[in-house]
Amino acid sequence: MAHQQKHRGQHSSDKQLFTESWLTVLRQAVQDLSYLQERGYAESSALKLVGDRYRLNARQRHALLRASCADSTAISRKYSERQAAQLVGQPVFIDGYNLLIGVESALSGGLLFLCRDGCYRDIASIHGTYKSVIETQPAIICIGQALQTLQTGPVCWYFDAPVSNSGRLRQKITEFIAPYAWQWQIELLNNPDKALAEAQGVVITSDGWILDRAPQGWFNMLKYLITQTQIGQPQVRSLV
């Protein structure tokens, strides 16, 4: 029997975990955690303190952590964010799984959260093994068309080599983009985060560690796709 592809969509419990009443609670929790982060509290202990205070489960705590950041961090990330017009002719380096899974989630109607630094983030997880879903090819084409519209310079994708099926995904992407003649460089690295944090070009990611280090700044691609293009019906929830 052929393997049945799945969607990168909502978790079965998301409708109960992220109702409007829970979102109100989570927005307050984001304020509290961000306050502690600004004052240098350790992430794990601060998350436990706030999560316990509001009786959040693991998935809600994951959303809380993704959405929170110190005021000073949000300001510095906004300063280093690049606008669409600034990408023309510029080399871009893409955090492969970070962007791809976010776009897959958006296309499948999965939850995306608007976070304090202006990024849209999903709460999907690949647990060390990437499996293509129905939205994988449409996501790649959607991203490619956006890059063409933005008129970027050379495009380089970085994927985590230790994640299972990364090599297979690289081959699939090569096949997907063949009709478009997009000249992408696709690399598998043991530590793509470090490479992205040192990239001499605009970085496309929502990973906070990279955003705080990218020397040439970063572009909010998922926000661009959601606000400027037709990208399905993403279920966006604001936690700010």
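Helices (H or I, at least four residues) and strands (E, at least two) are DSSP runs, numbered from the N terminus. The model is predicted, so local features need pLDDT of at least 70 and side-chain atom pairs pLDDT 80 or more, while totals for chains, interfaces and linings use all residues. Residues are numbered from 1 along each chain as its sequence is written, and side-chain values use heavy atoms, leaving out hydrogens and water.

**Exercise 1.** Find where Ile231 lies, and decide whether Ile231 is buried or exposed.

*Solution.* Start with the location: Ile231 sits in the loop between helix 11 (221-228) and strand 9. Next, take its relative accessible area, which is 2%. Buried means under 20%, exposed over 50% and partly exposed in between (1.4 Å probe, protein chains only). Ile231 is therefore buried.

**Exercise 2.** Which residues does Ile231 contact, leaving aside its neighbours within four places in sequence?

*Solution.* Contact means heavy atoms within 4.5 Å. With those neighbours set aside, the partners of Ile231 are Val103, Ala106, Leu107, Cys142, Leu225 and Ile226. Now look at Ala106: 125 residues separate Ala106 from Ile231 in sequence, yet their C-alpha atoms are 6.9 Å apart.

**Exercise 3.** Work out the strand order of the open sheet of 3 strands, and its edge strands.

*Solution.* Two strands pair if DSSP finds at least two bridges between them. The order is 4-3-9, with mixed pairing. Strand 4 (120-121) and strand 9 (235-238) are the edges, as each pairs on one side only. Finally, strand 3 (residues 111-114) runs parallel to strand 9 over 4 bridges, and Leu112 has Val236 as its bridge partner in strand 9.
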